[in-house]
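Good morning, and thank you for making time for this item. Please have the model open while I speak.

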Amino acid sequence: MNMENIIETRNLTKIYKRYVKKEGIGGSIASLFKREYIEKEAVGGMDLQIGKGEFVGLIGKNGAGKTTLIKMLTGIIAPTSGEISVLGYYPNDMKNAFKKRYAVVMGQKSQLFFELTVNDILRLFKEIYEISEKDFQRNKAYFTELFGVRELMDVQVRTLSLGERMKMELIVALLHDPEVLFLDEPTIGLDVVASGQIRKFLKEINEEKRTTILLTSHYMEDIRTLCERCVVINQGKKIFDGKTEELFGEEEPAAVMERLCGGPESMESGPEAESGKSESEGVRTDENA
């Protein structure tokens, strides 16, 4: 592996085995004696190299293999075959030294504790990542100022709007100065203003801290604004890897996906396409938390 690359894979493959059973009681009884499986290749022969400080967009149709790839890169699942290196580690070994050097933010899965205040959550993650008090206070001050959330630090997470909560997700993820940040749909459900703020913050973090970022998103405004490089995956295979401007040009996102993947894809130009959703829809109260 090339040590100049933060992320590198060679012929990376993940195959899932799925149990299938015929309908009815007869099928259930038969399965007790002989189980049948089908195999699904989620990622196949993936070669990928990402250097330090790159901001790379990972896009493709639903079920293309994006999330499976992210899970292998973060050690959540092991590959079936091939080589994989992230920061010089085999991710699935899940060594503590490796886990302290990357972070993951998923737009639909929260790592926050809704009953705690933001300050209490940050203090909890300080202990988890064994951050020194000096570094903790420095990073907390930096991100509090960057995200403009000073007045929210002593309130319960359950009372935050969706946009405010996503800012806190990013602060928690970046608190320990990760070298690599994996983002899975970080602006999903956010309104235009909140989405623009999140993009601004991510761009600043990438430029100022040289954090390597791999972003998956169906919002093409995220990809076009943030990512100079784009990787397109279809049916587990990499079908494009190059400059974002070369990928899209003047074409509509749906037309690009149809041309590359053989069918239209629900890729939006921006969060405003989400039926007018706003941050207020993300507010949690004691009644609906």
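This is a predicted model: local features need pLDDT of at least 70, side-chain atom pairs count only at pLDDT 80 or more; totals for chains, interfaces and linings use all residues.

Residues are numbered from 1 along each chain as its sequence is written, and side-chain values use heavy atoms, with hydrogens and water left out.

I begin with strand 6, residues 180-184. Helices (H or I, at least four residues) and strands (E, at least two) are DSSP runs, numbered from the N terminus. Five of the five residues of strand 6 are buried, so the strand is largely enclosed by the rest of the structure. Buried means under 20% relative accessible area, exposed over 50%, and partly exposed in between, with a 1.4 Å probe and protein chains only. In a regular strand, side chains alternate between the two faces of the sheet. Here Val180, Phe182 and Asp184 lie on one side, and Leu181 and Leu183 on the other.

Strand 6 runs parallel to strand 5 (residues 102-106), joined by five bridges, and parallel to strand 7 (residues 212-216), again by five bridges. Pairing requires at least two DSSP bridges between two strands. Leucine 183 is the bridge partner of valine 105 and stands opposite leucine 215 in strand 7.

Next, helix 10, residues 253-261, has Pro253, Val256, Met257 and Cys261 as its buried residues. Seen down the helix axis, these fall within an arc of 100°, so they line one face; the arc is taken from the directions from the axis to the C-beta atoms. Glycine 262, with a positive phi near 80°, follows helix 10.

Finally, leucine 32 belongs to helix 1, residues 24-33, and counts as exposed because its relative accessibility is 70%.
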